Amino acid sequence: SLATSIGGRTFGNCMMNAAGIRCQNKKDLDALVASSAGAYVTKSATPQKRAGNPSPRMHTLNKGSINSMGLPNNGLDYYLDYVIDDQHKRPKATNFLSVAGTSLADNLAMLHQIQESEFNGFVELNLSCPNVPGKPQVGYDFDRVNDVLDQVFQFYTKPLGVKLPPYFDLVHFDQIAAILNQYPLTFVNTINSIGNALVVDPRSEQVVIRPKGGFGGIGGASVKPTALANVRGLALRLKPAIAIVGTGGILNGVDVFEHILCGASMVQIGTQFGYEGTKLFDRLSQELKDIMNQKGYTNIEQFRGKLKTF
Ligand code: DHB
């Protein structure tokens, strides 16, 4: 079985999409509902519809991607309507509603609206969007992370997780975990893209995306070691009640296996899902099953978090 559970909710498959990729409109979300993914997450919402940054704003790399989308989305009401409607149709399913306010006030306003709604799934509070000009990633400012969570948990009582940017220093793992452990979080999702990287086309002597002078977030194969470090680094430091959602660099079943070994209870796939569409989940499921069969594992708890060190 590839089943998993987070915060007392069970999922028939431990794989799902990552926010932002093929989840912006109802047609995309319907395709995810019909797929073998264990859940879906919606495109990060802001209070109002946004057009996002000017194009070209996403570029394919060898086994990866760079993007600076700038939060194009249909606004919170659109996604909240979708997840509530889906909840009526499939009351046993849990799904993820992503919100990414560009200010503390916007995040609080959206979470108040969700708190007052019928929605009973997971909210993924995105503290790591690197692509809105002039708006730094909250996840890199530990005082602001503490402040937003302190204010959110004054009123928010439904299951909540945070989407974090990648960290690159073990002291930063210690510091962010100490803050997160103070709150009744259901999960932490790590990592968002490696933000503000620069891809250069030597032939044209030009950058490859228009926004922010070419700077954008990297996803795909090259981020896997950073993602695994963040999954493992947080799994070793967070209290057991906070589950880890592992995201970054998953192209095949081995990558899923590695994320779970590092401590992920659920994994999300962004860049590669963009390239393959929903059939990705069938392929990855078969590949993970094959690895588990070879090793004699019958469920993911038998190896989750059990990475060996010297
Ligand atoms: C966008 C990119 C992100 O990495 C994110 O977490 C949210 C939004 C974007 O550019 O749309």
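Let me start with Leu-71 and the ligand: a backbone N or O atom of Leu-71 lies 2.6 Å from an oxygen atom of the ligand. That is a polar contact, meaning a pair of N or O atoms within 3.5 Å; within protein, one must be able to donate a hydrogen and the other to accept it, and residues adjacent in sequence count only if both atoms are side-chain atoms. For Asn-126, an N or O atom in the side chain is 2.7 Å from an oxygen atom of the ligand. For Asn-131, the corresponding value is 2.8 Å, again from a side-chain N or O atom to an oxygen atom of the ligand. On its own the ligand has 290 Å² of accessible area, and the protein covers 92% of that. Accessible areas come from the Shrake-Rupley method with a 1.4 Å probe, and for residues only the protein chains shown count as cover.

Before going on, this is a predicted model: local features need pLDDT of at least 70, side-chain atom pairs count only at pLDDT 80 or more, and totals for chains, interfaces and linings use all residues. Residues are numbered from 1 along each chain as its sequence is written, and side-chain values use heavy atoms, with hydrogens and water left out.

Next, the aromatic rings. How many aromatic pairs does the structure hold? There are 15. Rings of Phe, Tyr and Trp (its six-membered ring) pair if their centres lie within 6.5 Å; planes under 30 degrees apart count as stacked, over 60 as edge-to-face and the rest as tilted. Phe-153 and Tyr-183 are stacked, because their ring centres are 5.8 Å apart and their planes are at 15°. Phe-153 is in the loop between helix 4 (142–152) and strand 8 (160–164), and Tyr-183 is in the loop between helix 5 (170–180) and strand 9 (187–190), so the pair ties together parts that are 30 residues apart in sequence. Helices (H or I, at least four residues) and strands (E, at least two) are DSSP runs, numbered from the N terminus. Both Phe-153 and Tyr-183 are buried. Buried means under 20% relative accessible area, exposed over 50%, and partly exposed in between (1.4 Å probe, protein chains only). Elsewhere, Phe-11, Phe-96, Phe-122 and Phe-187 make up one aromatic cluster.

Phe-215 lies in strand 13 (residues 215–220), and counts as partly exposed because its relative accessibility is 37%.
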